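Please read the points alongside the coordinates.

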Amino acid sequence: MKIQVNDLQQFKQKALQWASKFDVCCCLDSNHFNDPYTKFDLLLAVVVKDQLTANTGSAFAELERFRAKHNDWLFGFLTYDLKNEVERLSSFNIDRLNFPDLYFFVPEHLIIVRNDEIEIISPDIEHILAEIDSQTPEQSSPTEIDLLTRFTRDEYISTVNKVKDHINRGDIYVTNFCQEFFAENSGITPLDTFLKLNAISPNPFSAFFKLNDKYSLSASPERFLAKRGNKLISQPIKGTSKRYDDPEEDDLSKQELRDHPKELQENVMIVDLVRNDLTKSAVAGTVQTEELFGIYSFNQVHQMISTVVCEKSKDISDVQAIKNTFPMGSMTGAPKISAMQLMEHYERIKRGVYSGAIGYFSPDGDFDFNVVIRTLLYNQTERYLSFQVGSAITFYADSEKEYEECLLKAKAILQALGLHGSFPHP
């Protein structure tokens, strides 16, 4: 059933407020960014008809069977630590959030917003509309958040220099080194926090995912992998520069990003890695770089984004295509296995959902998954709040500038938490 509303933004907010009261829901919001591959303005999936919870070992095989069982909409996430199933790797860092390694569900109710038109797929549409209409804004009380970090500034800089030693020795060419910011005994209101984050930093792959007491509040600008017809699309981001209020300064920042040797080097290295990953799923000779070094502007930052595409081989299933490219090159490095091994050694906490992917499979055979970055993760029962930020380390990386880039990427989340210019302490 398709409906029209007078105030689409108000409807979206009320619908998400209604959805967040259930044990499981997923909202994927493109925030009106339109690239050639965006199909929906918003998808809101609510209530579980069937679900799959899996941990590393046989997760992709279980997802394959679950998808074969349901020629339907599926929503879910894959965590970074599924790398241990894709390759012969392991993870021994601590995990304070305790998300499952993989989770997908078939929704009972689905709201689709496309071209300002609303479609509701549900056995009880009138009741849902009445429930959504009855929602009133909920006031959340501000909470004191004592934000901590796993690395001091000096420790981060020292570790980046150790990583660069590996690059100088030829162990790796590029990697993504991540650090965690966290708060214990934290009582945030997840939906309110997400709405603030999405207002501050509206990005094309934003996501609100509730799984019982665990929340992902994502303002991601990056697509991991999508399928449109028989075409696979990956759009890695590598290269970041600051936004400025002054138009001249802002244009200069954009131009410096476009011309910066280090940013260009890290982007092309990851494009090569993604091209290699896609060949495992592609019809021979169809892997192409559709756009190289594209500069895109978001509220908080300018980003350098490339687009790599291919025609998917008929012998490769959709789940296998995802597995063949997972984890995404922009969050690993090159060579991929060596980079993941080194980061497991130098990082101090499991990445979990961070560096993983949130997205959907649709009944027409398409799928779309983001890269989980610029994302706040929260275990409500444990009252543990966490977000991680990373930076690409290459031969040309300046360790102090990489630390500043991490803080730039954390800025929107700090503002959403009411911390504004506050810097965490170890």
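Predicted model: local features only at pLDDT ≥ 70, side-chain atom pairs only at ≥ 80, totals over all residues.

1. Local features need pLDDT of at least 70 and side-chain atom pairs count only at pLDDT 80 or more, whereas totals for chains, interfaces and linings use all residues. Residues are numbered from 1 along each chain as its sequence is written, and side-chain values use heavy atoms, with hydrogens and water left out.

2. The largest cavity has a volume of about 210 Å³, volume meaning the space filled by probe spheres set on the grid points, which are joined across faces, edges and corners. Its lining comprises 21 residues, and those closest to its centre are Leu 28, Pro 204, Phe 205, Tyr 360 and Asp 368 (lining residues have an atom within 4 Å of a point).

3. At least two residues of that lining come from each of β2 (24-29), β3 (42-54), β9 (205-211), β11 (223-228), β17 (357-361) and β18 (367-370); strands are DSSP runs of E with at least two residues, and helices runs of H or I with at least four, numbered from the N terminus. By class, the lining of the largest cavity holds 10 nonpolar, five polar and six charged residues (nonpolar: Ala, Val, Leu, Ile, Met, Phe, Trp, Tyr, Cys and Pro; charged: Asp, Glu, Lys and Arg; polar: the others, Gly among them).

4. Two or more lining residues come from each of β13 (237-242), β20 (384-393) and α11 (399-416), with β20 giving the most, five residues. The lining of the second largest cavity divides into six nonpolar, eight polar and six charged residues.

Methods. 1 Å grid on protein atoms, 1.4 Å probe; cavity = no way out; pocket = protein on both sides within 12 Å on 5 of 7 lines; lining within 4 Å.
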